[in-house]
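Welcome, and thanks for opening the viewer. Let's take a short walk together, one selection at a time.

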Amino acid sequence: MGANKDQLPPYPNAARISDSQCYPQYTASLKCLEEFSSDKSKCQEHFDIYKECKKKEREARLERNKSRSLFS
């Protein structure tokens, strides 16, 4: 059962960012950074929206995982 983790990429979160429902918020924050590279504070709102989205996504994933426990 433990062999499964060997198949994960070194950075699973980065590898799966394009699968994330937060991808649009992620790209928006990157575009903002490109536009205002000298002033990251102008992009804070984008970062906050993305962070909030990731938090909700993580909570939903944890909730789903509860129903199929690894130890059952």
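Before the first stop, one term: a helix here is a DSSP run of H or I with at least four residues, numbered from the N terminus. Keep in mind, too, that this is a predicted model.

**Whole chain.** Colour by secondary structure and follow the chain from the N terminus: the elements run α-α-α. That makes three helices and zero strands. Of the 72 residues, 12% count as buried. Contacts also reach along the chain: among those between residues at least 6 apart in sequence, 50% join residues at least 24 apart.

**Glu 57.** Now select Glu 57, which sits in helix 3, residues 44-67. Is Glu 57 buried or exposed? Its relative accessibility is 13%, so Glu 57 counts as buried, the cut-off for buried being under 20%.

What does Glu 57 touch, leaving out residues up to four places away in sequence? Show Ser 20, Gln 21 and Cys 22 to see these partners. Cys 22 is 35 residues from Glu 57 in sequence, yet their C-alpha atoms are 8.0 Å apart in space.

Definitions and conventions: Residues are numbered from 1 along each chain as its sequence is written. This is a predicted model: local features need pLDDT of at least 70, side-chain atom pairs count only at pLDDT 80 or more; totals for chains, interfaces and linings use all residues. Side-chain values use heavy atoms; hydrogens and water are left out. Helices (H or I, at least four residues) and strands (E, at least two) are DSSP runs, numbered from the N terminus. Buried means under 20% relative accessible area, exposed over 50%, partly exposed in between (1.4 Å probe, protein chains only). Contact means heavy atoms within 4.5 Å.
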